[in-house]
Amino acid sequence: MWPVGCAWTLPGILHPSPITTGSCRPGGSFPYAQIPMFTLCPPAWRDSRLQWMELMVLQIPLLPMGPHPPSLMSPSPPALVLNFSTCSLPARCSGSAAKSLLFRFLPFLRWMPRYPIKDWLLGDILSGFSVGIMHLPQGIGYWHNSVGPFAVISVMIGSLTESLVPSENFLESVNGSNATVNEELRDAARVELVATITVLTGIFQVALGLLQFGFVVTYLSDPLVRGYTTAASVHVLVSQLKNVFGHNPPSCKLPDTNVGTLVTAIIAMVAILIVKELNHKFAAKLPMPIPIELITIIVSTGISYGVNLNDKFGISVVGNIPSGLKPPVVPNFSYFGQVAGNAFAIAVVGYAICISLGKIFALKHGYKVDSNQELIALGLCNFLGGFFQCFAISCSMSRSLVQESTGGNSQVAGVIASLVILVTILKIGELFRDLPKAILSAIIIVNLKGMFKQFSDLSSLWKSNKVDLLVWIVTFIATLLLNLDIGLAASVAFGLLTVIFRTQLPRYSILGRISDTDVYRDVVEYEMAQEVPGVKIFRSSSTIYFANVELYSEALKKKSGIDVDRLIEKKKKALKKLKKQQKKLEKEKAKRKKVSPSLPQNAEDGPGLSVIELNAGESTAPSEPTLHSLGLPQPTFHTVILDFSPVSFVDTVSIKILKNIFRDFHEIEVDVFIASCSVSVLAQLERGNFFSSAITKHSFFPSVHDAVVHISRERQQASVST
């Protein structure tokens, strides 16, 4: 067995130290005389607590204790062995540790001093202006100006504000008869609610980031995210129909529709679609995409102001747009209890969209995204922005692609885009008071085109993976019917259920050896793989735990080709019958023993012979009855090897069933061995009291081939001795 050492979990530097040898186990010396030794000395510590973990050198599995033939040993010694005798604990705090922590939370401090001005500055400036110009129409269209307006997040917040702060709560009577909505009071109440949601969203994101919970996004699979965003886009589309038809709620009857509003929206959508197609077709020739949304807003605002569309045709306009920055306001904490669930959903969805898009560009440009850092960054933006009455942020695929295509290389482009938005907020926004709302709805609907293209996933998933197709469909329907927050929770729960079901129904196989190799493959899938005579090598495609371990045991017994439980039952009946016969025989012998003293001493037969048989029975120990001696059928194999290479963990239930497997096969005179068991699983087995006098570590081997070689050698030695 190779030595097992302990190492600190923090990264370290390997320093060479003199070559040494020593004892590797009680009663034995290390099998190789010269092994390069290294010392692992962590250069920096986050704190003084010792965080230990078991480390096996080069992940070499354990061999059974005791001497082994050369064929069972690894073909070569490990490349290195770690020596911890010279490591010492550094101080709790150091300058390098503080600097590393600062760079981790403020990464721009690392790259900003090395910023290549000549190569990147011009591209970042052009990119920043392009993205800032795109922010203006889409930001107004989504009812806010922020760093990352996104339709899905906007509709999640919008649906919540409409349900908690409905317009009916702000009705006021005019002249004692007609009732109108006080939009100023309503909008102020909604802004207060939105700011509270944003602050709470930021708190959730920062907390999850500090707790290193960036991995939660892994539970949002790509089909789930795409199905969710597609359903959210349907919500967005429906929410915009009232502005397209000029009627609330939207009506399909033309007499109830404002024709002027409908015509305005259709003309705007057609113009935007045509120019966007031209942008896509001539993307390589254009220095930057034509800002058709901005052009549409400027032209429509001018026409609306000149023709007075609101008064003449009843076309609804944006109205007064406050300019300037709002002073910071403390959020209304009384809303926290009502919006906590929605805020958590917004935090997770916003982060999932952001990190998914970030990984796309990271893969394309060859860098790595720190998921926890992104979570903290989003959280801080939302937390601080909420005090200034901002909406929760996320990212946009279209504007990210524009930033990349126009030469953006760094966050400097984001700073430029933010300055463009700041100028808009301070001065330019008030110029768009006559902008028709139908134009904003047209911009939003056209930009949902990419989202609706995700319906094409249905055909591709049908061909590739029907489980993912089911996740997509269930997510879409749940989000459509149950709203965005409950729909997300239901979708994640369903996605996790599919994982559980798939682990409950893994693929079980019997492995065979490919001749003249140490490779073992499924005998059904590989014609060259042949079963080892007398050995059944069993493998499951997934780990084993409480939900599937019973199926694992049943599949093993079925694949073995013999009804194990039936054979055990027959053996028990035969043993019971044998015990009755033995008891009957013992009673007869006892009767004969009582009769023997009354007979004459010179008798020529009977008593003397009876005494001799009784003495012989008492002096000979009874042998363990076998299947053969009981007249029962014997299995065609003598050994079962369980390939544990897919097993990543075990629980108490699986440990109990594994014990039963060893016991049941032992009952029918079949040995059980486990191969390719990881160190962590072996430790879990030991903690779960798996080992006993009947099941020892001698039953474990580093590979299937090692187990087969050991079995063959043992059988050869047994045949020679007999």
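This is a predicted model: local features need pLDDT of at least 70, side-chain atom pairs count only at pLDDT 80 or more; totals for chains, interfaces and linings use all residues.
Local features need pLDDT of at least 70, side-chain atom pairs count only at pLDDT 80 or more, and totals for chains, interfaces and linings use all residues. Numbering starts from 1 along each chain as its sequence is written, and side-chain values use heavy atoms, with hydrogens and water left out.

Start with the record. An unreviewed UniProt entry places "transmembrane region" at residues 193-220, 259-278, 290-307, 343-363, 375-399, 411-428, 435-452 and 472-501. Such positions follow the numbering used here, feature names are shortened, and annotations may be inferred rather than shown by experiment. Take two of these spans. Residues 259-278 are 100% helix and 0% strand, with end C-alpha atoms 29 Å apart. Residues 193-220 are 64% helix and 0% strand, and their end C-alpha atoms lie 28 Å apart. Helices (H or I, at least four residues) and strands (E, at least two) are DSSP runs, numbered from the N terminus.

Next, a helix pair. The axes of H16 (residues 457-464) and H17 (residues 466-482) come within 6 Å and cross at roughly 150 degrees. Axes are lines fitted to C-alpha atoms, for helices over the stretch in contact, with angles from 0 to 180 degrees between N-to-C directions. H16 is therefore roughly antiparallel to H17, a label for angles over 145 degrees; under 35 is roughly parallel, 65 to 115 roughly perpendicular, and the rest oblique. H16 contributes Asp457, Leu458, Leu461, Trp462 and Ser464 to the contact, and H17 contributes Lys466, Asp468, Leu469, Trp472 and Ile473. Contact means heavy atoms within 4.5 Å.

Now the cysteines. The whole structure holds zero disulfides, a disulfide being a pair of cysteine sulfur atoms within 2.5 Å. The sulfur of Cys390 has its closest cysteine sulfur in Cys381, 9.9 Å away, which is too far for a bond. Cys390 is partly exposed at 28% relative accessible area. Cys354 counts as buried at 16%. Buried means under 20%, exposed over 50%, partly exposed in between (1.4 Å probe, protein chains only).

Finish with two buried residues. Asn258 lies in the loop between H6 (222-245) and H7 (259-281). Its relative accessible area is 17%, so Asn258 is buried. Leaving aside residues up to four places away in sequence, Asn258 touches Phe245, Gly246, Phe313, Gly314 and Ile315. Asn258 and Ile315 are 57 residues apart in sequence, yet 7.6 Å apart from C-alpha to C-alpha. Ser540 lies in strand E13 (residues 535-540) and is buried at 3%.
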